[in-house]
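Visitor: I'd like a close look at one part of this model, please.

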Amino acid sequence: MNVQHFIKNRRIASALWLALSMAPFAAGCQVEVADGDVEPVVSEAQEVRGDSRLPGAICGGFAGLACKPGFFCDYEIEAMCGAADQTGICAPIPAACQHIYDPVCGCDGKTYGNECSANAAGVSVASRGACETPRDEACGGIAGLACERGYFCDYDPKASCGAGDQMGTCEVIPEACLHIYDPVCGCDGRTYSNACSANAAGVSVASSGACDERL
């Protein structure tokens, strides 16, 4: 084989190799590029499963995956608010809720008027019904013991709102109350439409009836 034939064959081989390497692009196929500046093509389903910032994505768990702003991590009640590294699903935070009193206990240990109200606060539901009040947790007295956040110091009417260093007990602050007019006088000297309304303001009841009725 002379030099001219050798060069000709090399040119044919090079052209054939170039055509084969360009075939995927000509056919419209996607080719992965090992370049740090180019993001790989990921399907929507893969994004939902793998990126906890997206709605419907997995959150919580061992990695503590968080949801993007405007969403909260919604756990099934059986998941115990993510205990033992259990996971939840990113769900949108409700913009508004109906005024229906169907209390639930949130994963933050606070009682909410209904599930929607808890979710609107960015909190998943731990259990149905109001949260259990810590037993034998005293407040007030000579030491002025305070309750944890989400609780108020509830005094027995005979305790005169803690006068004389009398003690009260920590009770859950209600998230919502029924619209019933049964006025009470709070320990802050204000009249409330009912005992629940006073407690929702973090105030214990001093006596039944409006405050001005006691004067």
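What does Cys-81 count as at 27% relative accessibility?

Guide: Cys-81 is partly exposed at that value (buried is under 20% relative accessible area, exposed over 50%, partly exposed in between, with a 1.4 Å probe and protein chains only). Keep in mind that this is a predicted model, where local features need pLDDT of at least 70 and side-chain atom pairs 80 or more, while totals for chains, interfaces and linings use all residues. Numbering starts from 1 along each chain as its sequence is written, and side-chain values use heavy atoms, leaving out hydrogens and water.

Cys-81 is in a disulfide with Cys-107, sulfurs 2.0 Å apart (cut-off: cysteine sulfurs within 2.5 Å). The torsion about their S-S bond is -85°, a left-handed link. It ties together distant parts of the chain, 26 residues apart: Cys-81 lies in the loop between β2 and β3, Cys-107 in the loop between β4 (104-106) and β5 (111-112) (DSSP runs numbered from the N terminus: helices H or I, at least four residues; strands E, at least two). Cys-107 is partly exposed too, at 31%.

Cys-97 and Cys-116 also make a disulfide, S to S 2.0 Å, and with a torsion of about -80° it is left-handed. Cys-97 is partly exposed at 25%, as is Cys-116 at 24%.

Cys-67 and Cys-90 form another, S to S 2.1 Å, left-handed at about -95°. Cys-67 sits in the loop between β1 (58-60) and β2 (71-74), and Cys-90 in strand β3 (residues 87-92). Cys-67 is buried at 19%, and Cys-90 is buried at 4%. The whole structure has ten disulfides.
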